[in-house]
Amino acid sequence: MTALRFIPIQLTFCLALGICLARYLELDAFTCLFFLLCCFSWLAIRFHKRDRHWYSYELVVGLTVVLLGIFSTELTREKTALLPGGYQQWHLRITKVMKSRSYADQYQAEILHMNTQRSRGKLLLNLPPAPPGKSLKIDQELLAMGRIQPIAPPLNPHQFNYQRYMQGLGISYSLRPGRESFKLLPESGTSLAGVAAQFRNTLTDSLRASGIKGQELAIIQALLLGDRNAIDEDVYEAYKDAGAIHILAVSGLHIGIILWIFHYLLGFLDRSSGGATFKLVLLVFILWSYAIIAGLSPSVTRAVSMFSFVAYALYLNRPSNSFNIMALSMFFILLLIDPNLLFQVGFQLSYAAVLAILWGYPKIARIWQPKNLFLRRAWQLTVVSFTAQLGVFPLSLYYFHQFPGLFFLSNLVIIPFLGIILGSGLVITVWAAAGDLPQLLSEFYELMIRTQNQVVQWISSREQFVFREISFDLPMLLLSTALVIILFSYIERPALKKAVVFCTVFLFLQAYTAIDVYRTRKSEALWVMHRPGQSQLLHRVGQQLTSYSSGNIKVRTTEAFRTGEKIRQWRNDSLGNFYRYRDANLVILEQNSPVYDLPVFPNWVLLTNSPGFHMDRWLEQTCPQQVIADGSNYYSSVERWRKSCLQRGIPFHYTGKDGAFLLEPDP
């Protein structure tokens, strides 16, 4: 495998290994620092004495980089301190404006003081919805009274783990003050991120004043400024189903186009003495300035880091190795910026796509070399799209459980014009901010974006080509990733041994899938799900699912469960009052149920819709083995029931706090 022969890639692999070890083993930072200094000292002595035996020296270098990854991760983990509970006064500074929800405006906030004492840490801040245009800005400070709460884990099985996602950003707690429990403070200072946010808002206001509005303006904000908060959910889903979601995230594709545009425009500097050096400095300055304006998101940061190395390779004017550029950018991003980026989905998808393109494109593109310019460009774009999708295929199935079958069509239609869209968008945005933008230009550019949206929506409407609810777990991810690596290695240099290994791994994948399907068909489970304001039971028998609900529950609410449990057939039914499950009884009580006519010692009793009865007398008469309350009950009633059950030693489960309940009869 050619890629693994390059030293930067080997060092990056060792760094990633150290970061993974630190994440799952939680080693001590001071111990890592001690061993790291020992390794550095040994390497320095061997290097000074020119005593560098091949295997021993390389082994210690690899160990040193592994320890470096562990140490950098531990330093990052120590930044997030444990915060005390109780009702406190918090002095906060807004660091990021997140997408607003119907029930709250969400922000990431930095803790400055707690009860007038200096403190540190990050919070997820949830404030009551503000009127349009009145939301808080980056660097705005406020005083808030409230009790912080740990970000809750998912309440239903196979649900998106928002807690783990926020922990990857260094945030473990949330604060939800009331409308009268916070006070905005006068502006005290502006950070670089705040200046960039103000500049983005100025550009957006200029575009809006020029007549561009609606989802066209939202797409322009995403394409040029890296702000996707204004995109409607249906438009975002259309881009995802069409396989064009990467267009909405400012990443390597956008930065590469911008670098190419300015490299071409500044080409005249190469003809003057010292002009090439000035051009390099100017290109890097432009890239990082754009990264700051776009908010320094992880995708922008890693793309600008990579293409800064590309700009240096262009300055040297000699053949550069793309694998080294990719590895060096990844190494410095993980080491200097944030090692936790390694576990973010966007980071993994981005580098998997780039590696696949660098590895597979040269060989596949040579299979057919048409003389017609149009056919040649179309073939090259198709190969780039195919190799990128092949590289991210295992990760896409693992994280999103769907695959857009028409990805090549959307990329073939949109990518050729993306350079024109980005280049003209930069000109129009600057023109609108500097002065009066001609109405004809703004209407023409808005028409371009509207046409792009219509093309994407047409492609995404071909539902038969969007493959959803694909069950894909961790062993499948590892085996399929191995298949992709072996396939690219075979494309690079065909060999019988590689073909045999590919077939062997493929058989392992097939065997695991068959065993997993057999195990699923032999299993049965009954879940009490958490649905705010509603009741739902999910009964799975093999790969068949029956949903019992008290009202009209949308089909998409069980999509994650169906995917995770490998369901192939499902149906909906109304919720009854009694179920027999594995020789055990489940009784469901609601407002009009005869609560005092139940059989004695029922196995489970599910309380729904806040039935009104005397809990203490009912417990003495019935003596259930387990009491369950779902999300359809009033919280005050749930807490009263919990106390009554605890006084009598009866297990009590509330799905709104304890999550969905799996009914398991005693053997």
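Trainee: Where do I begin, and how many helices and strands does the chain have?

Mentor: Begin with the inventory. The chain has 21 helices and 20 strands. Keep in mind that the model is predicted.

Trainee: What does the radius of gyration say about the chain?

Mentor: The value is compared with that of a compact globule. For 667 residues, such a globule would have a radius of gyration near 26 Å, and the chain has 29 Å, which agrees. Along the principal axes, the C-alpha atoms fill a box of roughly 95 × 65 × 60 Å.

Trainee: How much of the chain counts as buried?

Mentor: Of the 667 residues, 46% count as buried. The accessible surface of the chain is about 35500 Å², and carbon and sulfur atoms hold 62% of that area.

Trainee: What share of the contacts joins residues 24 or more positions apart?

Mentor: Among contacts with a separation of 6 or more, that share is 63%. Ser100 is in the loop between strands E1 and E2.

Trainee: Is Ser100 buried or partly exposed?

Mentor: A residue is buried under 20% relative accessible area and exposed over 50%, with partly exposed in between. Ser100 has 42% relative accessibility, so it counts as partly exposed.

Trainee: How do strands pair in general?

Mentor: Strands of a sheet pair through backbone hydrogen bonds, either parallel or antiparallel. Here, E1 (residues 87-97) and E5 (residues 141-147) run antiparallel and are joined by seven bridges. In that pairing, His91 stands opposite Leu143. E5 also runs antiparallel to E8 (residues 182-184), with three bridges between them. There, Leu142 has Leu184 as its bridge partner.

Trainee: Which strands pair with E4, and in what sense?

Mentor: E2 and E4 pair in the antiparallel sense over six bridges, and Gln106 has Asn126 in E4 as its bridge partner. E4 and E7 (residues 173-175) run parallel and share two bridges. In that case Leu124 is partnered by Ser174 in E7.

Trainee: Is E4 mostly covered or in the open?

Mentor: E4 (residues 122-127) is mostly covered, with five of its six residues buried. Strand E14 (residues 569-574) gives another case: the number buried among its six residues is zero, so E14 lies largely in the open.

Trainee: In what order do the strands of the sheet with E14 stand?

Mentor: The order is E14-E13-E12-E11-E20; these five strands form an open sheet, and the pairing is mixed. E14 and E20 (661-662) stand at the edges with a single partner strand each, so one side of each is left without a neighbour in the sheet.

Trainee: How many bridges join E13 to E14?

Mentor: Six bridges join E13 (residues 544-549) to E14, and the two strands run parallel. Ser547 stands opposite Asn572, and Tyr548 has Asp573 as its bridge partner.

Trainee: Where do the side chains of a regular strand go?

Mentor: In a regular strand they alternate between the two faces of the sheet.

Trainee: Last, how far apart are the mean positions of the positive and negative charges?

Mentor: The chain has 61 positive and 44 negative charges, and their mean positions are 8 Å apart.

How values were computed: Residues numbered from 1 in each chain as written. Predicted model: local features only at pLDDT ≥ 70, side-chain atom pairs only at ≥ 80, totals over all residues. Heavy atoms only, no water. Buried < 20%, exposed > 50% of the residue type's maximum accessible area, 1.4 Å probe, protein only. Helix = DSSP H or I, 4+ residues; strand = E, 2+ residues; numbered from the N terminus. Pairing = 2+ DSSP bridges. Rg over C-alpha atoms; globule rule 2.2 N^0.38 Å. Contact = heavy atoms within 4.5 Å. Areas by Shrake-Rupley, 256 points an atom, 1.4 Å probe, with all protein chains shown as cover. Lys, Arg positive; Asp, Glu negative; His and termini not counted. Charge placed at Lys NZ, Arg CZ, Asp CG, Glu CD.
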